[in-house]
Amino acid sequence: MGKKQQKKLFEYLVYFKEKMNLYNNIIIILILIMFISCAKQSTPMGGPTDEEPPVLISTTPINEATNISPNEIELVFNEYIKLENANNQILITPRINKDEMEILALKNAVRIKLNQELEDSTTYVFNFQKSITDITENNPAENLKLVFSTGSTIDSLIFSGRVSFVFPQKAKLIENVLVGLYPVGDTTDVFSAPPYYIGQADTLGRFEITNIKVGNYIAYAWQDVNNSLKAEEKSEPYGFLNDTINMSENRSGALFYLSIADLSPLKVTRSSTTGSNFDVILSKFPTEVQVKHPDIKEDLYYRTREKTIRFYSTESIADSTAISITLRDSVGFQLDTLVYAKFEKSDRAKEKLETTFPTGKTFINRISTEISFNKPVSKVNFDSLYIKYDTASIIPIESNMVYFKDSAELTKMILEIGIPDSISNETFVVYASDSTFFDVEGMFNEKPVEGSYRRLKKEVLTDALRVTINTEVTPLILQLLNKQGEVVREQFLTSTNLYVFRNLEANTYQLRVIEDENNNRKWDPSNLSEGRQAESVYYFTNPENENSRDIVLKAGWEVDLTVEPLPRSGISASQNLDKREEDLPQKENNSPNIENIR
């Protein structure tokens with residue numbers, strides 16, 4: 001029984017149900033139950049699953065119609081359909097006010113009421129993506145795109161290219177990445193409003209925006225996690241092209257690199273006394289802190305944790321004292337500020353001292369580790385700090401073996417201890433008994449803490465990993481990563497593109513290179529307001545498998561590798577994306593394309 005016949009029978013029975021008496025009602029209800037069981041839209045037990053997507057029959061207006069400004073758009077399919085997240089899935093260029101639109105799925109048709117005036121002499125593109133599915137198996141009607149023009153011609157320019165992330169994502173495939181064009185002179189940008197023209201990258205990062213009008217545009221790409229059609233600078237990776245895009249002809253080979261770059265202002269949101277301490281609360285985490293005060297490192301100390309700088313004074317100061325603070329955030333914004341702090345006696349309980357020891361690390365001849373504290377440490381009892389390597393033997397740790405990473409903050413202590421070859425043990429434990437570390441408030445570690453370290457045997461080490469970075473750019477940060485993505489070795493190269501790693505444990509690694517343009521020995525994100533791109537990051541890629549970054553090293557091996565840099569962001573004729581795409585797996589697509597329907 002066809003769907004139309006089922007519908008007519010259902011309406012006929014309902015009509016007579018209302019006219020007949022109770023006895024007949026019971027009979028009709030039984031018939032209805034039997035009918036619904038028969039007509040239920042599902043795959044019969046043991047039968048094949050419906051894998052066919054809805055087939056488009058007609059559109060109003062017809063595709064590529066000109067001189068038309070419709071108030072309503074309709075798509076008709078060969079079966080009943082439903083909408084899936086239509087407001088976010090349907091991409092419309094140029095942008096219109098989606099809040100004014102009404103989208104409705106009724107039986108086998110989708111109707112869109114625009115409820116707004118369209119621009120004159122403009123080509124509109126409705127890209128439905130996977131927003132329309134059948135009601136039985138949720139098969140999406142793919143590649144549905146409707147084009148029409150309010151003028152006499154259809155704009156036909158194309159902007160295409162590729163997007164990728166500065167740092168690899170956990171997901172192997174790219175998802176929810178959009179590319180947008182904003183006309184030069186537009187008062188909005190990627191953070192404030194959806195773009196004028198918009199397109200979505202596929203799972204391999206390729207994108208294409210079609211039917212663009214001649215003009216000059218600013219281009220952005222971003223991962224739209226919250227489906228707002230604009231970027232959230234604090235939480236969503238984004239990228240941009242520095243140069244204006246002159247769309248007088250097709251533009252291909254555009255390349256975007258995405259990363260999070262928080263451009264929100266760096267400021268002090270509040271400051272206040274907390275117990276006997278003084279807290280300065282910031283709008284975001286600072287990457288650099290410099291404090292100026294006559295008593296700094298003597299009676300005045302501080303620690304940073306997330307967005308808070310807490311100051312400690314070993315002396316009570318009833319009157320306010322001026323502390324000069326210079327802050328810098330991840331995108332390079334700097335804030336110079338002056339706070340007036342008070343340090344008074346308080347009955348409030350002091351924060352306990354917490355100590356964190358790394359454990360499970362390996363070494364060859366020297367244990368090098370970092371001990372972290374939640375508060376500045378002013379004293380170390382070296383009598384109770386030592387290395388244990390069997391039940392009765394120890395190696396004392398002396399003051400010349402330790403130093404603080406920051407002499408003003410005093411929250412990270414570095415240990416460098418050489419282990420004699422005469423000791424044959426494989427496992428060593430850095431041990432601190434209770435009352436070994438004392439903070440600036442007189443608190444101490446109440447429990448023993450320790451970290452275990454394993455010495456590598458020479459027979460499991462590689463001889464050499466020789467690395468050539470195929471670039472003349474310096475300085476470079478060369479990092480060797482383990483399988484968990486942790487940095488196990490790092491080298492800063494100031495005047496060479498060559499380096500040799502020696503005595504590595506046989507294992508699987510990755511090589512990462514950061515072009516340190518500002519010579520600050522760390523990676524820096526982009527700064528859109530200054531037109532500065534993120535510092536370039538690239539990995540060694542296996543030439544036999546471009547999807548693999550793994551480097552397998554075995555004992556006794558000597559390996560030579562060359563790391564190739566990535567092309568810069570922008571548009572370049574040398575970026576032959578079409579050739580690369582030939583080698584990429586193509587998804588078979590048998591779905592109807594609206595462009596083929598007239």
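Strand β9 has both of its faces covered: Lys145, Val147 and Ser149 sit on one side, Leu146 and Phe148 on the other, and all of them are buried. Keep in mind that this is a predicted model. Since five of the five residues of β9 (residues 145-149) are buried, the strand is largely enclosed by the rest of the structure.

Who sits beside it? Strand β7 (residues 123-127) runs antiparallel to β9, and five bridges join the two. Pick out phenylalanine 126, and you'll find its bridge partner in β9 is leucine 146.

Now hop along to the largest nonpolar core, which has 25 residues. Which of them touch the most other members? That would be Ile387 and Phe437.

| Strand | Residues |
|---|---|
| β27 | 366-373 |
| β28 | 377-380 |
| β29 | 385-388 |
| β32 | 412-418 |
| β33 | 427-432 |
| β35 | 449-455 |

In soluble globular proteins, nonpolar side chains tend to be buried together.

Last stop: leucine 335, found in strand β24 (residues 334-343). Is leucine 335 buried or exposed? Its relative accessible area is 19%, so it counts as buried, the cut-off being under 20%. Leaving aside neighbours within four places in sequence, leucine 335 is in contact with Leu266, Lys267, Val268, Ile325, Thr326 and Leu327. Take leucine 266: it is 69 residues away from leucine 335 along the chain, yet their C-alpha atoms are separated by 6.7 Å.

Note on methods:
Residues numbered from 1 in each chain as written. Predicted model: local features only at pLDDT ≥ 70, side-chain atom pairs only at ≥ 80, totals over all residues. Heavy atoms only, no water. Helix = DSSP H or I, 4+ residues; strand = E, 2+ residues; numbered from the N terminus. Buried < 20%, exposed > 50% of the residue type's maximum accessible area, 1.4 Å probe, protein only. Contact = heavy atoms within 4.5 Å. Core = buried A, V, L, I, M, F, W, Y, C linked by side-chain atoms within 4.5 Å. Pairing = 2+ DSSP bridges.
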